[in-house]
Amino acid sequence: MGSLVIREWAGFHQFPAATQTKLIDFMGKLKQENVYTLTILVLGKGGVGKSSTVNSLIGERAVTVNNFQSESLRPMMVSRTRAGFMLNIIDTPGLVEAGYVSYQALELIKRFLLNKTIDVMLYVDRLDAYRVDELDRQIITAITDSFGKEIWRKSLLVLTHAQLCPPDDLTYDVFCSKRSDAILRTVRTGARFWKRDFEEIPIPVVLVENSGRCNKSESDEKILPNGDAWIPNLVKTIINVATNGREGITVDKKLIDGPDSNERGKVLIPVIALAQWLAVKWFVRAIKNDIKQGKSPL
Ligand code: GDP
Ligand code: MG
């Protein structure tokens with residue numbers, strides 16, 4: 001099991017006043033909907049900025065950020081309470097090991113999540129990467145196979161390293177939408193959604209800049225090149241997904257063990273018996289017909 005740390009949300013006071021005001025407002029809205037706990041699962045490849053995003057969200061150095069790929073293999077849940085509200089964020093190891101999907105990491109994450117309900121999943125990748133490849137699709141398929149397709153209805157795409165200067169003559173907004181469209185297309189195919197089903201409930205995209213060198217607004221909030229204060233925007237989007245009317249994803253033993261082949265076999269027994277009975281009936285009738293018509297049965 002990974003470690004669990006529950007503390008008063010001290011990092012809240014590290015945010016600039018403008019951010020604090022917005023966060024208090026969002027939390028008030030959650031309470032109006034009788035939501036007092038939010039559990040957020042953070043998934044993605046290694047080195048994309050998962051742990052940094054957890055720290056940015058909490059306003060504390062709660063989890064270790066790695067400059068090199070030697071990440072811890074254990075998930076870690078950081079819990080913070082504030083004014084009767086509890087925020088749980090689960091940081092996880094990267095889902096790639098030696099160029100392949102790490103099913104071992106996914107297994108560990110699933111076991112760690114036993115009896116927990118995921119309200120929101122952050123799928124993290126970098127904005128400043130140029131390709132989406134087969135491995136990305138396989139990661140998305142592996143997440144879908146582990147937690148079910150519904151997890152994508154409780155997800156948002158987080159793109160880190162968002163303080164960038166787009167290449168050539170692309171504007172910032174065009175660059176961002178090209179990158180996010182490419183990843184979202186991969187989510188659709190990797191999670192095996194029909195195009196229409198996928199577009200019905202769009203997965204929101206949030207840009208993030210975890211670097212200490214992130215530009216700031218006059219009110220001291222961290223802002224992106226398009227002027228957006230990204231921390232309140234991220235929290236707001238998380239809350240929108242949490243309250244989008246879909247159930248959270250509860251990780252129970254059945255989900256962890258996968259469909260039990262014995263159980264599946266038991267369900268199939270009456271179906272097979274019925275098929276056999278129909279086949280025998282059809283065969284007997286065919287023989288009787290043949291006899292009636294004077295043909296010799298097979
Ligand atoms: P993880 O493996 O996905 O948890 O990634 P980490 O959070 O450990 O980050 C990996 C490296 O990327 C660290 O050196 C971070 O400082 C850096 N990093 C993470 N997010 C950002 C970001 O938004 N901007 C920049 N410039 N660096 C980032
Ligand atoms: Mg990490």
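A patch is made of residues with over 30% relative accessible area and no salt bridge, with like charges joined within 9 Å and nonpolar side chains (Val, Leu, Ile, Met, Phe, Trp, Tyr) within 5 Å. This is a predicted model, in which local features need pLDDT of at least 70 and side-chain atom pairs count only at pLDDT 80 or more, while totals for chains, interfaces and linings use all residues. Residues are numbered from 1 along each chain as its sequence is written, and side-chain values use heavy atoms, without hydrogens and water.

**Surface charge**

- A patch of positive charge on the surface brings together K281, R285, K288 and K292.
- Lys and Arg count as positive here, and a salt bridge is a side-chain nitrogen of Lys or Arg within 4 Å of a carboxyl oxygen of Asp or Glu.
- R285 lies in helix α9, which covers residues 261–292; a helix is a DSSP run (H or I) of at least four residues.
- R285 counts as exposed because its relative accessibility is 51%; exposed means over 50% relative accessible area, and buried under 20% (1.4 Å probe, protein chains only).

**Aromatic pairs**

- The whole structure holds five aromatic pairs, that is, rings of Phe, Tyr or Trp (its six-membered ring) with centres within 6.5 Å.
- W9 and F12 are edge-to-face (planes over 60 degrees apart), because their planes meet at 70 degrees, with ring centres 5.2 Å apart.
- W9 and F12 are both buried, and together with F15 they form one aromatic cluster.
- F193 is buried at 10% relative accessibility, and F198 is buried with a relative accessible area of 10%.

Conventions: Chains lettered and ligands numbered in written order. Areas by Shrake-Rupley, 256 points an atom, 1.4 Å probe, with all protein chains shown as cover. Charge placed at Lys NZ, Arg CZ, Asp CG, Glu CD. Helix = DSSP H or I, 4+ residues; strand = E, 2+ residues; numbered from the N terminus. Phe/Tyr/Trp six-rings, centres within 6.5 Å; stacked < 30°, edge-to-face > 60°.
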